[in-house]
Amino acid sequence: MRPRTAVLAAIVFLGVAGAAQGSEGWLDSANCTAISGWAWDPAIPYGPINVDIYDGALSLVTIPANLFRQDLLDAGKGNGYHAFSYPTPAILKDGHQHNIRVFFGGTRTPLGYGYDHFNVNCSPAGGYAYYLSDTFTGSQVDGAKWYSNGSMSTSAAGLTSADVNGGSAISKIGTPDATFDYEVKSVLNLAQSGGTYLTYLQATPDFRIGSGSSTGTGYAAEVSNVVFNGTNCSAWLTFYKVVSGVTSALAAQAIPCSHTMTVRLVFRGNINVYVNDVFQMWLGENSIATGAGGVGVRGAPAGNGVEAYLGGMDRVAPGAVVRTSMETLTFPNRIDLRWQGVTDDAAGIGLFTYQMWRNGSFLGAVKTPEFSDSGSLAAGTSYTYMIRAIDFHNNSADTIITVATAPAGWVDGRRIGVRPDGAYWGAMGENIDMRSGNLNFTLPLLTAQGRTGWKVPVSLTYNSQNWRKDAAVWNLGRDVGYGYGWQLLAGSLTPVWSDYWTVHHYLYTDASGAEYPLDVNTGGVWTSTDSVYVSYDSNAGRLYFNDGSYWAMGCMSAGTEMDAGSMYPTVIEDTNGNQVFFRYQAGQGLSWRDSSARIAQIEDVRAMANGSGYWTYDFVYDAGPVVPHLVNVLSGISTAESYVFAMGGMQPLNNPFGVSLFGSTYFLQSVTLPISGLHYQFETNSWGGLTKVTFPYGGYLRWDYVNSIYTGWRQQPEVAKRYVFKGDGQS
């Protein structure tokens with residue numbers, strides 16, 4: 001937050017915009033260059049107001065609408081300084097569809113008049129590149145690029161035609177590898193209902209599908225019967241094969257539609273059809289072996305049109321899921337799987353999905369690296385899963401694992417974190433779970449504050465039960481930037497999917513590391529029967545607590561991270577409107593913020609201007625080869641809450657059940673308070689178990705572990721002995 005005067009000003013703006021009575025605005029455009037429009041409040045005609053830019057439910061940024069536009073001044077909008085333009089962030093340039101919406105600041109009220117959303121689909125910088133692209137906004141269709149057929153014209157919305165038979169543009173430019181394997185992507189700019197829009201494959205130069213007749217040979221995906229009803233849009237997708245003007249419909253289905261929607265056709269021995277990056281059709285059809293891509297349009301109303309993008313075939317597979325990153329949670333009749341996400345190669349078309357197979361049978365596909373299998377599983381039985389990472393051009397890489405369900409009547413012996421219904425023993429930040437034998441050690445670091453004494457504590461937390469052995473040995477621990485087994489978070493939320501479209505449940509993790517499934521879904525609001533009183537409104541992207549406060553889950557770890565798919569709070573707000581803002585680092589190899597679990601800054605009511613903006617606490621990380629690690633926590637308000645972290649070098653990671661190596665990792669060694677020079681020292685065994693904490697004045701706590709065997713021969717390490725040394729010669 002800002003100093004008091006600025007805060008009061010912001011409250012005035014947000015209060016007026018929040019009511020949105022008489023406020024005006026327009027989202028003019030959102031594309032791969034910028035998101036722009038204007039917003040004005042007649043109650044403060046000469047002052048700017050804020051706008052919130054969202055990608056779906058994910059908050060991207062809040063900016064002031066304070067740029068000058070002459071048309072606003074001419075229209076009597078104050079002094080004309082009410083426009084905004086925000087460079088399209090890299091988070092949107094990943095080759096996937098993003099739904100951009102802009103709201104009056106501090107509200108969920110969209111800007112009026114114009115489109116209230118745009119779909120943006122941009123290739124990553126330095127990534128996959130289309131060899132031919134055309135928005136058709138010039139004075140005419142470029143004859144060097146396209147064969148033109150029928151009646152059509154260019155416009156601000158792209159290629160368009162009001163004629164009932166319309167026209168088509170077929171590429172004159174061949175693929176870079178001189179093959180006939182390629183992709184055609186069309187972007188449909190839809191200002192209103194009506195029109196028919198075509199995306200062509202393997203087309204002859206004269207190919208066109210009209211209202212009553214067709215010419216030439218080729219394939220076509222046709223979007224027709226476009227109907228807007230408020231914010232909803234429906235359409236019909238039909239796939240045609242045409243040979244010498246004779247048309248055959250091969251498939252048809254209803255689809256959702258939207259302004260700037262995309263249709264993507266991929267030809268590679270067969271045909272895949274995607275709408276807004278969601279798979280719609282597979283056609284085992286390749287009888288038309290040659291031809292070019294293109295687009296067409298007919299019967300389009302004013303303001304509607306189509307753009308075209310043609311790309312060569314990506315033939316490089318994405319990375320395979322790393323076997324040692326796999327995590328499981330097993331029940332007698334259910335298996336949950338989770339893994340470190342993978343990405344496509346640097347020049348790839350982009351990762352499309354993970355296909356899931358069990359014992360050779362296809363189960364479904366998921367878009368984030370979690371999956372829940374609850375179909376016809378028997379207790380105490382081993383199952384072999386194949387996880388296939390696949391990109392949009394059907395390149396794939398497989399990982400195979402074997403997992404056993406728990407035996408009948410099984411109760412999970414593993415329990416991490418500190419739960420309100422648990423029994424614990426310990427002191428000085430130590431909590432030993434008397435049921436599971438887990439060691440939870442918590443080191444309080446800082447406390448964000450709001451007005452009226454409201455506080456948000458932030459602590460460094462360790463849990464010891466990071467390993468399990470049943471049919472296999474599972475490494476459940478992670479290092480997301482704080483050392484193996486350590487976390488620094490307010491909490492997180494992870495969706496677990498049962499197929500590409502369906503969330504099976506969410507896993508809520510609190511600040512201590514305790515995990516609770518939110519598995520009761522009521523209209524998109526997820527709750528739990530597991531003694532935790534939180535609810536997640538997936539419609540709003542908010543996690544609500546019993547006291548009325550909520551978290552806006554605006555950060556999601558990207559596919560390059562160990563915790564890919566997990567969401568973290570970017571705004572924490574109490575019932576009085578007090579807010580604390582959390583900002584997070586970019587994920588590994590990425591350029592956009594809020595895509596990892598690594599906290600970058602915390603801003604509360606005491607925040608001051610500190611070079612890079614307003615912040616209360618700043619977190620500094622190194623450039624580690626595996627993952628950046630926390631080096632410093634800096635207080636921007638002259639408190640003693642500054643720390644130095646030491647990790648040491650990378651060390652081998654073994655498992656507690658033998659000597660097999662699970663790669664290498666970093667262990668947290670010390671946390672120092674630079675003002676006083678006092679420090680905490682941590683000692684760790686070869687499997688990441690915390691064995692000793694030495695406190696600033698010389699006392700220490702020490703632990704020994706033993707592997708306990710549970711029903712079904714499941715094993716996990718538990719604390720067996722605990723030692724204390726007070727620092728004055730007594731223990």
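Here is a short tour of a predicted model, with stops at an arginine and a few cysteines. Residues count from 1 along each chain as its sequence is written, and side-chain values use heavy atoms, without hydrogens or water. Local features need pLDDT of at least 70, side-chain atom pairs count only at pLDDT 80 or more, and totals for chains, interfaces and linings use all residues.

**Stop one: Arg722.** Select Arg722, which sits in strand 62, residues 715-725 (strands are DSSP runs of E, at least two residues, numbered from the N terminus). With 25% relative accessibility, Arg722 is classed as partly exposed (buried is under 20% relative accessible area, exposed over 50%, partly exposed in between, with a 1.4 Å probe and protein chains only).

Now show what touches Arg722. Leaving out residues up to four places away in sequence, its contacts include Trp425, Glu430 and Trp703 (heavy atoms within 4.5 Å). Zoom in on Glu430: its side chain and that of Arg722 are joined by a polar contact of 2.7 Å (N or O atoms within 3.5 Å, one able to donate a hydrogen and the other to accept it within protein; residues adjacent in sequence count only if both atoms are side-chain atoms).

**Stop two: the cysteines.** Pick Cys233 and Cys257, whose sulfur atoms are 1.9 Å apart and form a disulfide (cysteine sulfur atoms within 2.5 Å). Cys233 is in strand 17 and Cys257 in the loop between strand 18 and strand 19, so the pair ties together parts 24 residues apart in sequence. Check the S-S torsion too: it is about -90°, so this disulfide is left-handed. Both cysteines are buried.

Finally, jump to Cys555: buried, at 0% relative accessible area.

Technical notes. Helices (H or I, at least four residues) and strands (E, at least two) are DSSP runs, numbered from the N terminus.
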